[in-house]
Amino acid sequence: MDPQVRTFVGTLEGALNAEDIITHLTGCIGCGICGNACAWFLGTNNPQLHPMTRSNLLRSFYFAYIDPNPIGKVLTTLGLKRKPGIAELQEMRDAIFLCCTMCGRCSLACPQGVSNRRIAQLARMALSSCGMVPDTVAEIQRNYQETGHSFGLTSEAVIGRITAIAKGRDISVPIDQPGADYLFACSGIQTYHSPKDVVDSVELLTAGGVSFTLSSGLVDTGTEVLTTAVDPVLGRKAVRNTLEEASRLGCKRVIIGECGCDVRAHLVDLRSFIGADYPDIEIIYVDALLLDLIETGRLLVEPIDMAVAIHDPCWTTRLSGYGPVIRDLLGKCVTEVVEMEPNGLSSYCCNGGAGTLRTYPPTSPGMSRRRQVSVLKAEQMRATGAKMVATPCASCALSLADTSDFYALDLQVSLLCDLVLNSARLASRTRVLEEPPSGKGW
Ligand code: SF4
Ligand code: SF4
């Protein structure tokens with residue numbers, strides 16, 4: 001057997017659990033319904049991008065090399081069925097890494113409970129282990145290994161970006177402060193693409209009286225090695241680093257920022273990355289914390305008079321269950337929350353997650369596959385009639401803004417924390433006008 005195929009099969013076999021085998025690998029009846037849920041299939045009408053077709057690539061390896069039922073092995077040995085090899089690994093690499101955001105929408109549609117998303121996750125993990133990854137994913141792995149940041153930024157560069165923005169606002173950013181209650185952990189996507197939004201959260205946490213710190217030893221939670229590369233070795237290293245930095249600084253809790261993949265990786269999947277060896281550290285989602293601060297009167301906000309549509313990041317709502325939290329938070333900060341149709345669990349993906357923004361960047365001209373499959377999202381956003389869409393995910397915000405530009409929607413995209421900050425500033429200004437100065441600003 002080719003060594004790359006052997007590594008792939010070995011990793012796959014080691015990662016499978018009973019549910020994977022009974023439901024996801026052997027439960028598909030070939031009805032094709034999942035195709036109606038997938039933007040990448042609907043937007044291209046390409047049968048190669050049907051969720052079932054992609055999943056069947058992984059199944060072909062399972063039946064030929066792993067399945068205890070000998071029928072698959074007999075058929076391939078007799079030459080009655082092709083034995084999958086390097087060509088199929090290459091085909092799987094392109095189908096799974098470049099044309100699937102692991103959004104999980106197809107899983108909701110399946111009458112058999114088959115999760116093509118889980119199959120994509122297993123495929124990515126096994127492909128990563130044997131080095132069969134696209135250049136963009138190899139770059140993530142290399143950068144993270146060399147610098148601890150998936151975009152290759154050093155700790156000094158990240159801290160410099162954040163503190164420069166904070167200085168412009170005349171606020172300070174707590175860094176490496178021992179004994180703080182919370183460690184605020186940001187993803188590489190946030191610190192690379194939207195350091196301003198990190199500072200927005202810093203400003204809000206400070207205003208809410210939260211004892212927190214950032215860490216110079218943690219400038220990327222490793223989201224992309226965890227959820228894009230699904231690299232088991234680097235993923236474990238990333239999660240350990242977050243928990244160890246919290247321990248080093250004496251923080252009992254970790255705040256995860258507005259990054260959908262980070263939410264799923266840390267609030268749902270963490271244990272699967274590091275097993276039972278789980279230190280006594282609580283993980284909390286920043287928007288859940290901000291909502292709590294507002295509801296308990298520790299952070300004052302005043303609704304901004306505008307109608308804002310909400311986009312559910314798939315990994316935050318469908319895959320982690322925070323749909324009600326982000327709606328409640330937005331509802332505190334603007335006068336009208338506009339729903340897209342469909343929304344919540346059934347919402348359409350932004351099509352920019354799990355590495356696809358790197359493959360089809362907003363800077364590239366003309367029609368890309370990501371833009372092509374985003375036509376459904378564009379129609380959905382246009383139909384709201386809103387002039388602004390809010391979303392609590394740095395990656396979604398980039399993809400939606402690009403979709404808005406490309407389809408000429410005349411629509412602004414904002415991160416949710418940006419609106420929370422503006423509504424807090426509005427409340428602060430109103431308070432200043434209504435009350436005599438107390439000598440203490442927020
Ligand atoms: S997880 Fe999302 S992108 Fe991937 S096949 Fe399913 S619906 Fe399509
Ligand atoms: S909907 Fe489920 S059973 Fe039908 S083809 Fe898709 S994965 Fe298979």
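Where is Ala-354 found? I located Ala-354 in the loop between E6 and H19; helices (H or I, at least four residues) and strands (E, at least two) are DSSP runs, numbered from the N terminus.

**Conventions.** I note that this is a predicted model, in which local features need pLDDT of at least 70, side-chain atom pairs count only at pLDDT 80 or more, and totals for chains, interfaces and linings use all residues. Residues are numbered from 1 along each chain as its sequence is written, chains are lettered from A and ligands numbered from 1 in the order in which they are written, and side-chain values use heavy atoms, with hydrogens and water left out.

**Backbone exceptions.** I looked up the phi angles and peptide bonds next. Most residues other than glycine have a negative phi, and most peptide bonds are trans. Ala-354 is not a glycine, yet its phi is positive, at about 55°. Ala-354 has a relative accessible area of 4% and is therefore buried; buried means under 20% relative accessible area, exposed over 50%, and partly exposed in between (1.4 Å probe, protein chains only).

I found Val-230 in the loop between helix H13 (223–228) and helix H14 (232–249). Its phi is near 45°, a positive value in a residue other than glycine. Val-230 counts as buried because its relative accessibility is 3%.

I also checked Pro-342, which lies in the loop between strand E6 (334–339) and helix H19 (356–359). The peptide bond leading from Glu-341 to Pro-342 is cis, with omega near -5°.

**Sheet with E1 to E4.** I traced an open sheet of four strands in the order E2-E1-E3-E4, with parallel pairing; two strands pair if DSSP finds at least two bridges between them. Strand E2 (212–213) and strand E4 (282–285) are the edge strands, each pairing on one side only. Strand E1 (residues 182–185) runs parallel to strand E3 (residues 253–256) and is joined to it by four bridges. Phe-184 has Ile-255 as its bridge partner in E3, and Ala-185 has Ile-256 in E3. E3 and E4 also run parallel and are joined by four bridges. Ile-255 stands opposite Ile-284 in E4.

Which strands does helix H12 touch? Helix H12 (residues 195–207) packs on the sheet and touches E1, E2 and E3; contact means heavy atoms within 4.5 Å. The direction of H12 makes about 160° with that of E1; axes are lines fitted to C-alpha atoms, for helices over the stretch in contact, and angles run from 0 to 180 degrees between N-to-C directions.

**Phe-212.** I placed Phe-212 in strand E2. At 5% relative accessibility, Phe-212 counts as buried. Leaving aside neighbours within four places in sequence, I list its contacts as Pro-174, Ala-180, Tyr-182, Phe-184, Val-202, Leu-205 and Thr-206. Phe-212 and Asp-181 are 31 residues apart in sequence, but their C-alpha atoms are 5.6 Å apart in space.

**Sheet with E5 to E8.** I recorded another open sheet of four strands, ordered E6-E5-E7-E8, with parallel pairing. E6 and strand E8 (412–415) each have a single partner strand, so one side of each is left without a neighbour in the sheet. The twist averages 35° from one strand to the next. Strand E5 (residues 304–310) and E6 run parallel, joined by five bridges. Ile-304 has Val-334 as its bridge partner in E6.

**Helix H22.** I found helix H22 (residues 394–406) lying across strand E7 (388–391) and E8, at about 175° to E8. H22 has 13 residues and reaches 18 Å from its first C-alpha to its last, close to the 18 Å expected at 1.5 Å a residue; the expected span of a helix is 1.5 Å times one less than its number of residues. Its buried residues include Cys-396, Leu-400 and Asp-402. Among the elements covering the buried residues of H22 are helix H11 (188–193), helix H20 (369–373) and helix H21 (375–384). Just after H22, I noted Ala-408 with a positive phi of about 50°.

**Ligand 2.** Which residues come nearest to ligand 2? Of the 13 residues around ligand 2, I list Cys-28, Cys-31, Gly-32, Cys-34 and Cys-110 as coming nearest; a residue is near a molecule or strand if one of its heavy atoms lies within 4 Å of it.
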